[in-house]
Amino acid sequence: MLKNLFDWLNSIGIKFPGDNLFQFITSRVMLAVLLSLIISTVFGKKLINYLRKRQVGETVRDLGLAGEQQKKGTPTMGGLIIILAIVVPTLLLADVSKVYILLMLFATVWMGMIGFIDDYLKLRAKRLAQEQGVNYKKGDKDGLAGWFKVLGQVVLGVAVATTLMFNDSVSAYREFRGTELPAGSDVKVVKLDGKERTMVKANEPVTTIPFVKNHEFNYSKLLPKAIRGATWLLYVLIVIFIVTAVSNGANITDGIDGLATGVSAVIGICLGIFAYASGNMRLADYLNILYIPGIGELSIFIAAMVGACIGFLWYNSYPAQVFMGDTGSLMLGGVIASLAFLVRKELLIPIFCGVFLVENLSVVLQVGYFKYTKRKYGEGRRIFLMSPLHHHYQKKGFHESKIVTRFWIVTILCVVLAIVTLKIR
């Protein structure tokens, strides 16, 4: 918003000292990090006090884990701090006329709202039980119905997919290396390192894929030639599936103090690098990835997200003074998945979101194996001591802080590997 304001003022001949600072992405990225840190730490404390005053406390299930009862009554819905620390810096420092920024603001507010409703319904169930003098036990059916959460994720997936497929402001270019351009091709001729390069607009849904020579994969190749006109429908379904999986993965990972927050911050740094590289023609050419005009502006949003997560860790690290709740975890997962599609790196999600993937798989394997063995042997058996995976390590006697730190380290390794894949082909 400030960039748009200063651009308009400059166009009518009004100059302010230092307004050129807002013309550079790098300076706005740093300002976004600082502002989100200030909002999440300073205003975060005020919100925590308000939540505590309103008795918006978490109810802890008796899972037999060390220290779990000490967390009883810890304020939840702390994801509101993260949302505020993302939205405000983005509105102030990003170019809000860009479709990428508008889409990510929608993703943040939409998924935050779905999570907030879920948290609110759980809190209401707890209060009703207290008013009726009933011993309240947290259950899976207290909050938002599972199908409603999925519906919210589906809406986000459809919004992301249709924007990328049909919005005229969205484009991606690749270098043309053939001998004859297809009729009607949208072409840009650019000069890099003293040589002219022909860049062709990708009209189909194309993404980056690791370990192959041209680093590209066209989704239309998944369908027979006769029905490739329906590629958009296939793409929508793929986006919905991945958005739902990553959002639920972040939600499952949010089980111990600082885990999901720290992992999301590291993944955000990875996506920020991808966005900056994809929006810079020279870097995109060097890495042999799709050049996406205007995507660099997304770095400001990502910087705000990283700063918000790091600032939230001030209160969410062990022992947590606040939990993000579904308000934060569903939102972060949905935002991360959406960003991966915008920078055309969604097929790298299993690598840089490795922790989310493993946490998800641990639950699926545990439930599936339990049901299978119950049918076969008459009693259910387990692969892990408890799922998700972080609870398995808690049961083995590892302290929360050690588990969280090691999961952060694993995420850093996954992120480095994801970035390295851009040069391995």
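Trainee: By class, how many nonpolar, polar and charged residues does the lining of the largest cavity have?

Mentor: This is a predicted model, with residues numbered from 1 along each chain as its sequence is written, and local features need pLDDT of at least 70, side-chain atom pairs count only at pLDDT 80 or more, while totals for chains, interfaces and linings use all residues. Side-chain values use heavy atoms, leaving out hydrogens and water. A cavity is a set of points on a 1 Å grid over the protein atoms alone where a 1.4 Å probe fits but cannot get out, and lining residues have an atom within 4 Å of a point. With Ala, Val, Leu, Ile, Met, Phe, Trp, Tyr, Cys and Pro taken as nonpolar, Asp, Glu, Lys and Arg as charged, and the others as polar, the lining has four nonpolar, one polar and five charged residues.

Trainee: Which elements give two or more residues to that lining?

Mentor: The structure holds one cavity of 30 Å³ or more, and about 90 Å³ of space lies in the largest cavity, a volume being the space filled by probe spheres set on the points. Ten residues line this cavity, and Arg174, Glu175, Ala284, Asn288 and Ile289 are the closest to its centre. Taking elements as DSSP runs (helices H or I, at least four residues; strands E, at least two), those giving two or more residues are strand S1 (173-175) and helix H8 (281-287).

Trainee: How far apart are the end C-alpha atoms of helix H3?

Mentor: The expected span is 1.5 Å times one less than the number of residues, so the 15 residues of H3 (residues 79-93) should span 21 Å. In agreement with this, the end C-alpha atoms are separated by 22 Å.

Trainee: What does Phe148 count as at 30% relative accessibility?

Mentor: Phe148 has its place in helix H5, and its C-alpha atom is separated by 9.6 Å from that of Asp118, 30 residues apart along the chain. Since exposed means over 50% and the class between that and buried is partly exposed, Phe148, at 30%, counts as partly exposed.

Terms used. 1 Å grid on protein atoms, 1.4 Å probe; cavity = no way out; pocket = protein on both sides within 12 Å on 5 of 7 lines; lining within 4 Å. Buried < 20%, exposed > 50% of the residue type's maximum accessible area, 1.4 Å probe, protein only.
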